[in-house]
Amino acid sequence: NHGFLASWDRTMSELSDNLWLAVDYQGSDSALGAVSFGMSWAFADNVSAILGYDVFISNSVAGNNTFTMQVDIDLGFSKRD
């Protein structure tokens, strides 16, 4: 019923405007409690790849740590004002 969320993320423009890094902490003894690390590389304005790793606080509740890889493609269907 209680938890704490802290997050840091930013574009690493010192290295490249295409690189984004993030770290999240979700404090809880539930399945949501984890420290997560992520990075993204933008190949174009509308295409990026995201890598992430989650270290769960309570593996007995949440299970094993996880790794994810995603491709994000913005097809531009949303109407923007």
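Student: Which residues does Ser-58 touch, not counting residues up to four places away in sequence?
Tutor: This is a predicted model, by the way. Ser-58 sits in the loop between E4 and helix H1 (59-62). Leaving out residues up to four places away in sequence, its contacts are Asp-29 and Gly-63.

Student: Is Ser-58 buried or exposed?
Tutor: Buried means under 20% relative accessible area. Ser-58 has a relative accessible area of 14%, so the label is buried.

Student: And Thr-11, what does that residue count as at 37% relative accessibility?
Tutor: Thr-11 belongs to strand E1 (residues 4-11). The exposed class starts over 50% and the buried class lies under 20%, with one class in between. With 37% relative accessibility, Thr-11 therefore counts as partly exposed.

Student: Which residues does Thr-11 touch, not counting residues up to four places away in sequence?
Tutor: Stay with strand E1, where Thr-11 is found. Skipping residues up to four places away in sequence, Thr-11 has contacts with Ser-16, Asp-17, Leu-19 and Trp-20.

Student: How many Å apart in space are Thr-11 and Ser-58?
Tutor: In sequence, 47 residues separate Thr-11 and Ser-58. In space, going C-alpha to C-alpha, the distance between Thr-11 and Ser-58 is 30 Å.

Student: What share of the 81 residues counts as buried?
Tutor: Ser-58 counts as buried, at 14% relative accessible area. Across the 81 residues of the protein chain, the buried share is 19%.

Student: Which elements give two or more residues to the nonpolar patch?
Tutor: The surface patch is formed by Trp-8, Val-23, Phe-37, Met-39, Leu-51, Tyr-53, Phe-67 and Met-69, with about 780 Å² of accessible area together. The elements giving two or more residues are strand E3 (34-44), strand E4 (47-56) and strand E5 (66-73).

Student: What is the relative accessible area of Met-69?
Tutor: Met-69 is one of the patch residues and is found in strand E5. Exposed means over 50%. Met-69 is exposed, and its relative accessible area is 60%.

Definitions and conventions:
Residues are numbered from 1 along each chain as its sequence is written. This is a predicted model: local features need pLDDT of at least 70, side-chain atom pairs count only at pLDDT 80 or more; totals for chains, interfaces and linings use all residues. Side-chain values use heavy atoms; hydrogens and water are left out. Patches are made of residues with over 30% relative accessible area and no salt bridge: like charges are joined within 9 Å, nonpolar side chains (Val, Leu, Ile, Met, Phe, Trp, Tyr) within 5 Å. Accessible areas come from the Shrake-Rupley method with a 1.4 Å probe; for residues, only the protein chains shown count as cover. A salt bridge is a side-chain nitrogen of Lys or Arg within 4 Å of a carboxyl oxygen of Asp or Glu. Helices (H or I, at least four residues) and strands (E, at least two) are DSSP runs, numbered from the N terminus. Buried means under 20% relative accessible area, exposed over 50%, partly exposed in between (1.4 Å probe, protein chains only). Contact means heavy atoms within 4.5 Å.
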